[in-house]
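Please look at the model first.

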Amino acid sequence: MARARVKLAMILDENKRRATLKKKRLALIKRLQILSVLCKVEVCMIICDSLNVQGTDNLTVWPSRQDAEIMVSSFMSALEQKRNNKMVTHEMFLESMLVKEKNKLQALKKKNDQMEFEDFLHKLHSAPTSIDPLNGKLSQAYFYIEELIKKIEEKESLSQNARDVNVT
């Protein structure tokens with residue numbers, strides 16, 4: 001049975017919030033251990049919790065504070081270009097996602113246009129008298145057919161060139 005989707009909002013009850021933080025922190029540490037073993041990478045984690053009851057900063061460091069300091073200092077001492085290659089800002093991530101989504105949208109639009117023209121051509125073939133010649137789709141269909149002919153000719157020339165190369 002699938003779990004119910006967790007509502008992403010701040011937990012108002014203080015005791016529930018602390019209990020959830022404790023559980024999620026342990027689960028995250030377990031995932032990091034698995035990641036470091038499976039992928040053989042150096043991993044560290046620092047969680048800065050809000051001030052606890054005594055008024056001191058509640059800091060969780062994994063695997064240890066010394067190991068985390070070593071990893072962070074080695075990362076910071078790396079060449080800036082190398083370090084920047086590993087970093088992705090939120091803006092860069094969103095821009096890359098936007099580009100991917102735009103490409104998907106272009107592909108879907110092209111596929112939609114292709115399906116519309118194929119439907120139009122099918123209607124034209126099955127009932128040519130039902131098509132209004134002044135609606136502009138005939139000229140679009142002409143250009144679509146021209147593109148298809150060009151693609152077929154390109155494929156034929158490529159296959160002919162491949163046959164010529166195999167013969168010689």
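The model is predicted, so local features need pLDDT of at least 70 and side-chain atom pairs count only at pLDDT 80 or more, while totals for chains, interfaces and linings use all residues. Residues are numbered from 1 along each chain as its sequence is written, and side-chain values use heavy atoms, with hydrogens and water left out.

**Salt bridges: rule and count**

- A salt bridge here is a side-chain nitrogen of Lys or Arg within 4 Å of a carboxyl oxygen of Asp or Glu.
- Side chains of opposite charge can pair when their charged atoms come close.

**Pairs within one helix**

- Helices (H or I, at least four residues) and strands (E, at least two) are DSSP runs, numbered from the N terminus.
- Glu-14 and Arg-18 form a salt bridge with an N to O distance of 3.3 Å.
- Both residues belong to helix α1 (residues 14-39), where they are four residues apart, a separation of about one helical turn.
- Glu-14 is partly exposed at 36% relative accessibility, and Arg-18 is partly exposed as well, at 43%.
- A network of salt bridges links Glu-14, Arg-17 and Arg-18.
- Glu-101 and Lys-104 form a salt bridge at 3.6 Å, N to O.
- In helix α4 (residues 90-126), Glu-101 and Lys-104 are three residues apart, which puts about one helical turn between them.
- Glu-101 has a relative accessible area of 42% and is therefore partly exposed.

- Which elements does the pair Asp-49 and Arg-25 tie together?
- The salt bridge between Asp-49 and Arg-25 has an N to O distance of 3.9 Å.
- Asp-49 lies in strand β1 (residues 45-49) and Arg-25 in helix α1, so the pair ties together parts that are 24 residues apart in sequence.
- Arg-25 is buried, with a relative accessible area of 16%, whereas Asp-49 is partly exposed at 22%.

**Cysteines**

- A disulfide is a covalent bond between the sulfur atoms of two cysteines.
- The criterion applied is a pair of cysteine sulfur atoms within 2.5 Å, and the count by this rule is zero.
- Cys-44 is partly exposed, with a relative accessible area of 28%.
- Cys-48 is exposed, at 59% relative accessible area.

Key. Buried means under 20% relative accessible area, exposed over 50%, partly exposed in between (1.4 Å probe, protein chains only).
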